[in-house]
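Here are my notes on the model, point by point. Please read them with the structure open.

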Amino acid sequence: MAILQVQNIEKHFGPTRVLDDISFTLEQGQALAIIGSSGSGKTTLLRCLNFLETPDRGSIAVSGETLFDAQDPATQRESEVRKKRLHFGLVFQSFNLFPQYTALENVTLAVGLLSQERPDFKQNRRAIQEKIRADGMALLEQMGLSDRANHYPHQLSGGQQQRVAIARALALRPDILCFDEPTSALDPELTGEVLRVIRSLAQQKTTMIIVTHEMAFARDVADQVMFMDGGIVVEQGPARQVIEHPAQERTRRFLARYEGK
Amino acid sequence: MLRAAVEFFASEQFLAVASALNSGFLVTLRLFFVTLLGALPLGLLISFGSMSRWAPLARPVGWALRRAGRAPGRVARALIRFCPVSLVCRLLVWIVRGTPLVLQIITLFYVPGMLGLFTWGGGSGARFTAVAAAFVINYAFYFSEIYRGGIQGVPVGQKEAGQVLGMTRRQIFFKITLLQMVKRIVPPMSNEIITLVKDTSLARVIALQEVIWMGESFMKGNKGISGLVWPLFFTAVYYLVFSGVVTILLGRLEKKLEFFR
C-alpha cells in the first residue's frame with residue numbers, strides 16, 4: 001500500500017483556485033519531485049500536506065490512516081492536527097531556523113518538548129535528554145556539521161543553515177520529508193552541499209517530496225516527477241521519462257525554458 | 001569657593017531640604033516600580049486582546065450563507081470579520097493613548113466618588129493607590145502596542161517552523177516568539193520607560209507628595225522654610241541620576257540579547 005494517498009485536493013485563496021483536484025500516491029522509500037513555474041501551486045500543495053493550509057476539498061491519508069478529510073470536521077480539530085503533523089517534516093525555502101538557539105538546540109528543541117509528554121519522562125529525565133542530545137549530534141554529523149553544533153544560525157552560511165534545518169526536520173523521524181525549494185534562497189556555490197545531503201537521504205530510501213527548480217537534480221535523484229501548472233497536475237511519471245521525454249506539450253515548453261541551465 | 005560649597009552642603013537648611021526631597025523621591029520610585037510591575041504583564045494581555053482573531057459570527061454566517069446557497073455580500077463579509085475582543089481592545093488603546101495622562105489621573109481619582117461608586121478614601125496611601133492604578137492602565141495600553149509590534153515583527157516562518165515540528169501554541173510563544181519579541185521591543189520600551197521616570201511627576205495633580213511636589217513646597221513654605229527656589233530645580237538631579245541608571249541597565253539588556261540576530 002502507498003504510504004501517502006492524496007485525493008482530490010482543492011484549495012482556493014478567495015476567488016482564486018490555487019489547487020484543482022490534485023490526486024497522487026507515493027510509495028514508501030520513494031522520492032517525488034514536484035516541478036513547475038512559480039504560482040503553479042507546488043508550495044501550496046506542500047503546505048496543505050503539512051497542515052499549514054486547510055484544503056477546501058479532498059483527503060490526505062498516510063499508511064491508510066485518513067489524516068485529513070475536508071468533509072469530516074473531526075479530522076480538523078487543532079489538538080489532533082498537531083500530532084498528525086508529525087507524519088510530515090518540512091524544510092522551508094528560507095530555512096526558518098530559530099535564531100536564539102544553537103544548531104544543536106534547533107535540532108533537539110521539538111524532540112525535547114515532545115519527550116516531556118512521555119509518561120516516563122519524570123523518572124528517566126536525565127537518560128531521555130542525554131539520548132536526545134546524542135541523536136541530535138549524530139544528525140548534525142550526518143549533515144557534516146558536527147563542528148558547528150554550538151554555533152548560532154547567524155554564524156552559519158546559508159548552506160549550513162539549510163543543513164541544520166534538514167537535521168531539525170529529521171529529528172522527529174517523519175514518515176515523509178518535504179522540501180520547499182530547499183536551494184532557492186542559496187547562492188549557487190552553496191546549493192551543491194545541500195543537494196548532496198538530499199541525494200544521500202534518497203540513497204538511504206527516505207520517503208521525500210521535493211519541490212525544486214533544479215531539473216537535473218530532480219531527474220537524477222527523484223523516482224517520480226510531477227509537473228504542475230495552474231493548480232493542476234499536468235504530467236506525472238518516472239523522473240527520467242518526464243524530464244527527458246515529456247508527453248505533454250505544456251511540460252515540454254516549461255522544460256525548454258530550463259535548457260542550457 | 002570650595003569652602004562655600006562645603007558650608008552649603010553641610011548647612012541645616014540643605015539637610016532639611018535633602019531629606020524632604022529624598023522622601024519625595026521614594027514615592028516617585030515606588031510609583032515607577034509599581035507601574036512597571038503592573039503594566040508590563042497587563043500590556044502583554046492587552047496586546048493578545050488586540051491581536052485576537054476570535055470571530056464568533058464567522059461560523060453561523062457562513063453556515064447560513066451555505067444553506068441559502070448565496071455568495072457573501074458586503075454585510076455578510078463584515079459580520080464574518082467582526083472580532084469583538086480585538087475591536088474593544090483597539091478602542092481602549094485609542095482612548096487611553098488619545099487623552100492626557102493628567103486627565104486620566106484626575107478622572108480615576110474623583111469620578112468614582114462623584115458617581116457614588118466608591119471612594120479611594122483619604123490619606124496619602126489612597127492617593128497613591130489611585131495614581132498607581134491610573135499609571136498602570138495608561139502604561140499597559142502603551143506597552144500593549146509595543147508588544148504587538150514586537151510580536152508581529154517576528155517572521156511568520158518562525159511560527160510555521162514551530163507548528164510543523166508539532167509544537168503547541170503555548171510552546172511556540174514561550175520557546176520561540178517571546179525572546180525574539182523581547183529583543184525587538186527593548187529600544188522602544190527603553191524610550192517608554194525613560195518617559196515613565198519623568199511622567200511620575202504628574203502624580204502631584206492630586207497632591208501625591210512626590211519629589212517635584214516636595215521641591216516646590218519650599219517655595220510655599222515647608223518645615224519653616226519658604227521662598228526657596230533652588231530645591232525645585234535640584235529635583236532634576238534625582239531624575240537625571242535615575243534615568244541614567246535605567247539607561248545603563250536597559251543598554252546592558254540590549255547587549256545581552258546580541259548573541260542572536
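**Notes on the predicted model**

1. Start with the layout of chain A. The C-alpha centres of domain 1 and domain 2 of chain A are 26 Å apart. Twelve residues from domain 1 of chain A and 13 residues from domain 2 of chain A make up the contact. Domain 1 covers 1–87 + 180–261, and domain 2 covers 98–173. Keep in mind throughout that this is a predicted model.

2. Next, the second largest pocket. It holds about 470 Å³ of space. The lining has 25 residues, and those closest to the centre are A:Asp135, A:Leu170, A:Ala171, A:Leu172 and A:Arg173. Domain 1 and domain 2 of chain A each contribute at least three residues to this lining.

3. Which helices of chain A each supply at least two residues of that lining? They are H3 (103–115), H4 (121–142) and H5 (158–171). H4(A) gives the most, with eight residues. By residue class, the lining of the second largest pocket splits into eleven nonpolar, eight polar and six charged.

4. A:Ser115 deserves a look. This residue is found in helix H3 of chain A. A:Ser115 counts as buried because its relative accessibility is 6%, under the 20% cut-off. Beyond its neighbours within four places in sequence, A:Ser115 is in contact with A:Phe121, A:Ile128 and A:Ile132.

5. Most residues other than glycine have a negative phi. A:Asn96 has a positive phi, near 55 degrees, and is not a glycine. A:Asn96 sits in the loop between strand S6 (88–91) and H3 of chain A. At 10% relative accessibility, A:Asn96 is classed as buried.

6. Is A:Glu181 buried or exposed? A:Glu181 counts as buried, because its relative accessibility is 11%.

7. H5 of chain B has 15 residues and spans 21 Å from its first C-alpha to its last. That is close to the 21 Å expected at 1.5 Å a residue.

8. Which residues of H5(B) are buried? They are B:Pro84, B:Ser86, B:Cys89, B:Val93 and B:Val96. Their cover includes three helices of chain B: H2 (12–51), H6 (101–114) and H7 (123–153).

9. Helix H7 of chain B also holds B:Arg127. With 26% relative accessibility, B:Arg127 counts as partly exposed. The class follows because partly exposed lies between under 20% for buried and over 50% for exposed. Not counting residues up to four places away in sequence, B:Arg127 touches B:Phe109, B:Ile206, B:Ala207 and B:Leu208.

10. One distance to close on. How many residues apart in sequence are B:Arg127 and B:Ile176? They are 49 residues apart. In space, the C-alpha atoms of B:Arg127 and B:Ile176 are 41 Å apart.

Technical notes: Residues are numbered from 1 along each chain as its sequence is written. Chains are lettered from A and ligands numbered from 1 in the order in which they are written. This is a predicted model: local features need pLDDT of at least 70, side-chain atom pairs count only at pLDDT 80 or more; totals for chains, interfaces and linings use all residues. Side-chain values use heavy atoms; hydrogens and water are left out. On a 1 Å grid over the protein atoms alone, a cavity is a set of points where a 1.4 Å probe fits but cannot get out, and a pocket is an open set with protein on both sides within 12 Å along at least five of seven lines; lining residues have an atom within 4 Å of a point. Grid points are joined across faces, edges and corners, and a volume is the space filled by probe spheres set on the points. Helices (H or I, at least four residues) and strands (E, at least two) are DSSP runs, numbered from the N terminus. Ala, Val, Leu, Ile, Met, Phe, Trp, Tyr, Cys and Pro count as nonpolar, Asp, Glu, Lys and Arg as charged, and the others, Gly among them, as polar. Domain bounds come from an automatic or database domain assignment. The expected span of a helix is 1.5 Å times one less than its number of residues. Buried means under 20% relative accessible area, exposed over 50%, partly exposed in between (1.4 Å probe, protein chains only). Contact means heavy atoms within 4.5 Å.
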